[in-house]
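Dear colleague,

I am passing on the structure we spoke about, and would be glad if you could look through it alongside the notes below.

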Amino acid sequence: MPLRFPGVEHIITSDRFLELESLPRRIVLIGGGYIAAEFSQLAARAGAEVTVLQRAGHMLPHFDPDLVGWLMVKFTELGIDVRTQATVARIEQTANGFLVQADGAGGKQAVTADLVVHAAGREPDLEELDLATGHVAVSKGRLELNEYLQSVSNPRVYAAGDAANVGPPLTPVSSHDGKVIATNILEGNLQKPDYRGVPSVAFTVPPIAAVGLNEIQARAQGLKFNVKSENTPNWFTARRLAERVYGYKNTGRRRNGPDTRSAYRRSPR
Ligand SMILES: Cc1cc2nc3c(=O)[nH]c(=O)nc-3n(C[C@H](O)[C@H](O)[C@H](O)COP(=O)(O)OP(=O)(O)OC[C@H]3O[C@@H](n4cnc5c(N)ncnc54)[C@H](O)[C@@H]3O)c2cc1C
């Protein structure tokens, strides 16, 4: 996804990050999604001083904010400086690295860095396809499709995966879409994709995972449900890994009885 601010030419992509031959001492990651979460932990655990500049109010906006809050305890333990509501405004090259300047609700801030990584998202590379000439409608950088994954403006065109404006941008979703499209092209429009129950994981340590609706989404749909959440560092699976940030939150079909929630608390060592 192109970022536009002065000094943007100094940032590297997440692909380049994985090709580095040595680890810079001070790293700034722009963005707060899956890639920023995974790479910031990777770099911090390998010894770098890491700052995350995230425009939104918290990291990993696709996950339940309560669970993300629990995970942030781990980020703090690792020494990762997560700054939310911080939008990068410019990057200047200095004598010994870069000065990354950000604006946001917290006011102006500046972070020094040896490396600045673009972790603010990807978008499909549609430009070269010249879709306008084929009358293929695009909306917000993705192909505009009907329920059969067929272009709304050119019925000869179908799209799957990240290029489609439906479904989450995940590998299993793109292969699921591919099967739907193959059927629809070969046999006529018969299949619609089904994204219910697509699980998602950010491979932090501990990993954070979700499936189904979270509390906010369930509330937005007006559903009746109970919330059960618990911080479980004493479970065998947590103790086996010596992991004290451990827990779950479940929004399930409403049964009689109150919600049961426990706030995050540190377990005794
Ligand atoms: C760092 C990173 C980590 C990720 N981790 C996960 C994860 O853990 N789990 C998960 O489910 N998803 C993950 N994803 C997302 C996942 O990679 C994508 O959702 C998935 O690859 C989308 O598949 P796709 O087939 O739609 O597109 P792509 O895999 O991007 O494939 C598109 C292909 O089209 C080619 N192409 C582009 N333009 C043209 C052209 N003009 N002509 C011919 N070929 C062209 C490209 O070179 C590319 O090979 C991650 C993504 C990134 C960047």
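This is a predicted model: local features need pLDDT of at least 70, side-chain atom pairs count only at pLDDT 80 or more; totals for chains, interfaces and linings use all residues.

Residues are numbered from 1 along each chain as its sequence is written, and side-chain values use heavy atoms, with hydrogens and water left out.

Searching the whole structure gives three aromatic pairs (rings of Phe, Tyr and Trp, the last by its six-membered ring, with centres within 6.5 Å; planes under 30 degrees apart are stacked, over 60 edge-to-face and the rest tilted). One of them is the stacked pair of Phe17 and Phe39, with 5.0 Å centre to centre and 20° between the planes. Phe17 belongs to helix α1 (residues 14–18) and Phe39 to helix α2 (residues 34–45), so the pair ties together parts 22 residues apart in sequence (helices, H or I, of at least four residues and strands, E, of at least two are DSSP runs, numbered from the N terminus). Phe17 is buried at 7% relative accessibility, and Phe39 is buried at 11% (buried is under 20% relative accessible area, exposed over 50%, partly exposed in between, with a 1.4 Å probe and protein chains only).

Trp235 and Tyr248 are also stacked, at 5.7 Å centre to centre and 20° between the planes. Trp235 is partly exposed at 41%, as is Tyr248 at 22%.

Finally, Glu127 sits in the loop between β7 (115–118) and β8 (138–139) and is exposed, with a relative accessible area of 77%.

Best regards
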